[in-house]
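Me: I'd like to learn how to read a protein structure. Could you walk me through this one?

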Amino acid sequence: MKRIIQTAALSAAAFISAIAAGNAEEWRFNNFLPETRPETAELERFVEEVNAALEGEDKLKLYSGGSLGLPNTDTLRFLPKGAVEMSLIWANYLGRDAPALSSVVVQGTIGSIEEFEKAIPTVREIYQEEFTDWGVTSVGYVPIPMLSVSVFCRDEPVRTIDALKSKKLRVWARDQVETFTRLGVAAQIIPQEEMYVAMKTGVVDCALYPALYAHTVSLQEVAKYASFLYPMASGPYVIGVATDKWDATDDATKAAIATAADALWERTNQYEDDFERELAAREQLVADGVTWGEDFSQEDRDLFVSNVTEIWAELAEEAGGNAPAYRERVLTALGR
């Protein structure tokens, strides 16, 4: 009888241990942004708040800078299959698999904070709908600042679209390739983690990039000249979890993630200081040896915006499906 009781006790202990191990399951949170990005600091705080709400249990662990080796363009492939439990997602990287997502907000078509704030609720709604169709649940969002995009060049200053026509330009999205191609500029997509080497070795002469983030990729070391071209609003980053994973998650974990995600959005969905931060970033770049030139002319900037707006319509039509309707919903939100 004693042996039976001992066996039963051991079985109960093993069962309790198994439950504890299950509850302590680590969620790997894939973050493709560099550790030096301000958004990464906010994600680190998000992770800390989730784990604190779960009474110190390290449920989430953040892996930044693409350290897990998962291409951000493949998120809709690896996340639903469970390669990681959670991932940061940017819709504009997903054009190959989900063209409708990448054309919801085409960068350069929204040029003011006022317009941007009108569009954000609609953009979030669209993301939630579209990601659901891919087996991904949007559990949080991280705003992207209202950025100022500049042309950084290695060997000489470039301040006109005409001058840019003789250069090889690095960009990061297809809409930019299409727009610059229409303007007569040779543009190619190069991931930001490869941009430094591409500039240093002459694969490209110039790179499109926000001054605000230039230091996070050491761009000032390989580009000695820069000039502002256009303001850029983007849809927010999405924090995604495979829908089947999310549906099977316990209520306590869901609540902790939802509360931390709401706090993350509340403290970061602010844009009033973006331009001041941009100017401070430019000053630091100048202090580090970058020659900051005059802005591209208003004529050139208007030319770029008019072309990218046409590209937006064309890409939406090409994507088909829900893409044209998504574009119309965003335009309606903008009051256009």
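Predicted model: local features only at pLDDT ≥ 70, side-chain atom pairs only at ≥ 80, totals over all residues.

Me: Which residue does the side chain of Arg329 meet in a salt bridge?

Reply: The general idea is to look for a side-chain nitrogen of Lys or Arg within 4 Å of a carboxyl oxygen of Asp or Glu. Here the partner of Arg329 is Glu129, at 3.1 Å from N to O. Since Glu129 sits in helix H5 and Arg329 in helix H13 (residues 323-334), the pair ties together parts that are 200 residues apart in sequence. Glu129 is partly exposed too, at 37% relative accessible area.

Me: Which salt bridge involves Arg327?

Reply: Arg327 pairs with Glu328, and the N to O distance is 3.6 Å. Arg327 is buried, with a relative accessible area of 14%, whereas Glu328 is partly exposed at 44%.

Me: How many salt bridges turn up in the whole structure?

Reply: A search finds 22. One of them joins Arg267 and Glu42, with the closest N and O atoms 2.5 Å apart. Arg267 lies in helix H10 and Glu42 in helix H2 (residues 38-53), so this pair ties together parts 225 residues apart in sequence. Salt bridges can also share partners: Glu42, Arg45, Glu49 and Arg267 are joined into one network that way.

Me: How do I read burial: is Thr253 buried or exposed?

Reply: Buried means under 20% relative accessible area. Thr253 has 3%, so this residue counts as buried. You'll find Thr253 in helix H10 (residues 251-268). Leaving out residues up to four places away in sequence, Thr253 touches Trp27, Leu54 and Lys59. Across the protein chain, buried residues make up 51% of the 336 residues.

Me: And charge on the surface? Which residues form a negative patch?

Reply: That patch is made by Glu114, Glu117, Glu272, Asp273 and Glu276. Glu114 belongs to helix H5 (residues 113-133) and is exposed, at 55% relative accessible area. Taken as a whole, the protein chain has 31 positive and 53 negative side chains, and the centres of the two sets lie 5 Å apart.

Me: Last one: what does the overall picture look like?

Reply: Count the elements, then check the extent. The protein chain has 13 helices and 11 strands, and its C-alpha atoms fill a box of roughly 90 × 45 × 35 Å along the principal axes. Among contacts between residues at least 6 apart in sequence, 77% join residues at least 24 apart.

Key
Residues numbered from 1 in each chain as written. Heavy atoms only, no water. Helix = DSSP H or I, 4+ residues; strand = E, 2+ residues; numbered from the N terminus. Buried < 20%, exposed > 50% of the residue type's maximum accessible area, 1.4 Å probe, protein only. Contact = heavy atoms within 4.5 Å. Lys, Arg positive; Asp, Glu negative; His and termini not counted. Charge placed at Lys NZ, Arg CZ, Asp CG, Glu CD. Patch = residues over 30% accessible without salt bridge, like charges linked within 9 Å, V, L, I, M, F, W, Y side chains within 5 Å. Areas by Shrake-Rupley, 256 points an atom, 1.4 Å probe, with all protein chains shown as cover.
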